[in-house]
There are 2 protein chains.
Amino acid sequence: MSYFVGIDIGGTNIEIGILNKDGKIFSRKSIKTESKNGARKTFERIFDKIKESLNDLNLTLDDIERIGLGIPGPVVNNSTVKIAANFSWGNDFNAKELLELISGKEVRVINDVKGIALGESIFGAGRGYKNSVTIAIGTGIAAGIITDGQIIEGFNGAAGEFGHIIIEEDGYQCGCGLTGCLETHCSANGLVREGKKRLNRVEKKEENRLYQKINGDLDRLEAKDIFDLAKEGDKFSKDIVDTFCKYLAKGIGILLNLLNPELIIFSGGVSKAGDIIVDGIKKYLPKYALSISLEGLNFKFSELKEDAGVLGALAVAIK
Amino acid sequence: MSYFVGIDIGGTNIEIGILNKDGKIFSRKSIKTESKNGARKTFERIFDKIKESLNDLNLTLDDIERIGLGIPGPVVNNSTVKIAANFSWGNDFNAKELLELISGKEVRVINDVKGIALGESIFGAGRGYKNSVTIAIGTGIAAGIITDGQIIEGFNGAAGEFGHIIIEEDGYQCGCGLTGCLETHCSANGLVREGKKRLNRVEKKEENRLYQKINGDLDRLEAKDIFDLAKEGDKFSKDIVDTFCKYLAKGIGILLNLLNPELIIFSGGVSKAGDIIVDGIKKYLPKYALSISLEGLNFKFSELKEDAGVLGALAVAIK
């Protein structure tokens, strides 16, 4: 029987799984990323953990058919990270080559969000759908676009930069350098900024439930606070979520008119807010999407949850 | 040797070509569409013309391997036109089935703009590029998206509705029912509307060159008038084209951030204005597109020109 390794490199942690091609996870371990020690050191520590995991399972490297690696940033040819946006490992960093050198195994690399989208399409909420878009909403927002079962990588690996489509002329400045990006509204950071802005305008702050929830400390405000109060029916927080959903509907409307997928999957931390997001989006979508793009459209939430990273890496390994 | 038939059904004319798989055109004939006589009558007239063309070439139906058909509207499974937007032939009109019944030949159907995009990618400006988007600008605007050599059809055949992405909250009402669509600005109709609006505001109309060009008859204003004067350096018309390019850059910026193609091909009547469009877009793109999406990006114009329709239909026939 043959096994695969699925690795998900995040900013803080690296998840390492030993799996079979059907997505069954035999082992999952986590190490700190500590990327500042360099790519080689980091990859060697990953490889040590792989060997440790195999040992625990009474397996050897010979049992491993291929390694899949999910990593932030634009990836081309399932090998090279074009731009060092997340780790200071240099531009055109050939992650495939380095991990193959260290492990002696064939490696395939994929952008983390694209991996998650592929993982959902094979093992999760996207099973049975040929055209789906997975939208990961966390600190920022990004998408993995699947058409006819294939992930769209883009010429420089930069397809799916859904967070940086311009939806508001003269809007907020975004960290990417552009102005009015979807991400400035439709991310945890965007929601928190909007919450703070509105709280600052409230006259009798002590009577405001959101203000009470964070004990008047605006620095403590999190997206979850706003979603939780909105779900409890608090009008102030409901209005913030409504604005969030309106912008998100505008972005998704564009996505639908361009790609006409049959399924949108929400993933990432913010998606845990659940139906309140989908309900809000559905309210505004007819304003932004052609009726033919809405016909037969489904919304789902990630089914892979905390395993999304390693299963996404597996997805590119078995393709 | 085997031949193919490429048919392009337009609102006014139908083009019918006899071609080989390499895109060599042996015969091209045109008939009036006259769609009001019904699909069956129209298709029978097409088939008569095919037989006439074959006869002229001393060929028979046995020499035809397959028929490709380009048609307006959303097409699914290379067979069915989902919505009767252009001809009153009913929803879910199975064009493949009808033409196969009449001709006895295998037929593949594709949306006309998607066909043109596929045709450009195989025979024209897109040769050698795996990821391209062909933007057809005429009365309206639409796109054909090619990723990894495949056209994106969409669940209901409605991918590529680039003209209906919302780029202006509270903009003009569009014929599609939405408000603020790209098409309300970036089409021949949009440009003419903008021209008329600005001409109406001019005080000394007699001194305005655009006004002079159309002899003061605003109903005569065409997109070409505006482009021609802009190219001659007339400031009034240059400003109108600049606004057109700014909106188009906003739309293309979204396209680039979502799909990261390596090539944009301009097709359709308005694209004949040429470099003035590309120059205008390039000026504004850095405001709307991530720098990684612009890296290595090429702009070209249709190379298939008046043969785009039949070669587009051929493209789906040989795939």
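Strand E5 of chain B and strand E6 (residues 80–81) of chain B pair in the antiparallel sense over two bridges; two strands count as paired if DSSP finds at least two bridges between them. Helices (H or I, at least four residues) and strands (E, at least two) are DSSP runs, numbered from the N terminus. This is a predicted model, in which local features need pLDDT of at least 70 and side-chain atom pairs count only at pLDDT 80 or more, while totals for chains, interfaces and linings use all residues. Residues are numbered from 1 along each chain as its sequence is written, chains are lettered from A and ligands numbered from 1 in the order in which they are written, and side-chain values use heavy atoms, with hydrogens and water left out.

**Three-stranded sheet of chain B**

- The open sheet has the order E5-E6-E7 (chain B), with antiparallel pairing.
- Strand E5 (75–76) and strand E7 (93–94) of chain B are the edge strands; each has a single partner strand, so one side of each is left without a neighbour in the sheet.
- Val76(B) stands opposite Thr80(B) in E6(B).

**Five-stranded sheet of chain A**

- Five strands make up an open sheet of mixed pairing, in the order E11-E10-E9-E12-E13 (chain A).
- At its edges stand strand E11 (150–151) and strand E13 (298–301) of chain A, each with a single partner strand, so one side of each lacks a neighbour in the sheet.
- Strand E10 (residues 141–147) of chain A is joined to E11(A) by two bridges, and the two run antiparallel. Thr147(A) stands opposite Gln150(A) in E11(A).
- Helix H3 (residues 112–123) of chain A lies across strand E9 (132–137), E10, E11 and strand E12 (263–267) of chain A, at about 45 degrees to E10(A).
- Helix H8 (residues 275–288) of chain A also packs on the sheet, touching E12 and E13 of chain A, and its direction makes about 160 degrees with that of E13(A).
- Contact means heavy atoms within 4.5 Å. Axes are lines fitted to C-alpha atoms, for helices over the stretch in contact, and angles run from 0 to 180 degrees between N-to-C directions.

**Relation of the two chains**

**Interface of chain A and chain B**

- The contact takes 40 residues from chain A and 40 residues from chain B.
- The chains bury about 3600 Å² between them, 61% of it on carbon and sulfur atoms; buried area is the accessible area (1.4 Å probe) that two parts lose on being put together, summed over both.
- In chain A, Phe155(A), Leu258(A) and Ile292(A) lose the most area to chain B, together 19% of what that side buries.

**Salt bridges**

- A salt bridge is a side-chain nitrogen of Lys or Arg within 4 Å of a carboxyl oxygen of Asp or Glu.
- The rule finds eight salt bridges across the interface of chain A and chain B. One of them joins Glu169(A) to Lys250(B), with the closest N and O atoms 2.9 Å apart.
- Over all chains the count comes to 48 salt bridges.
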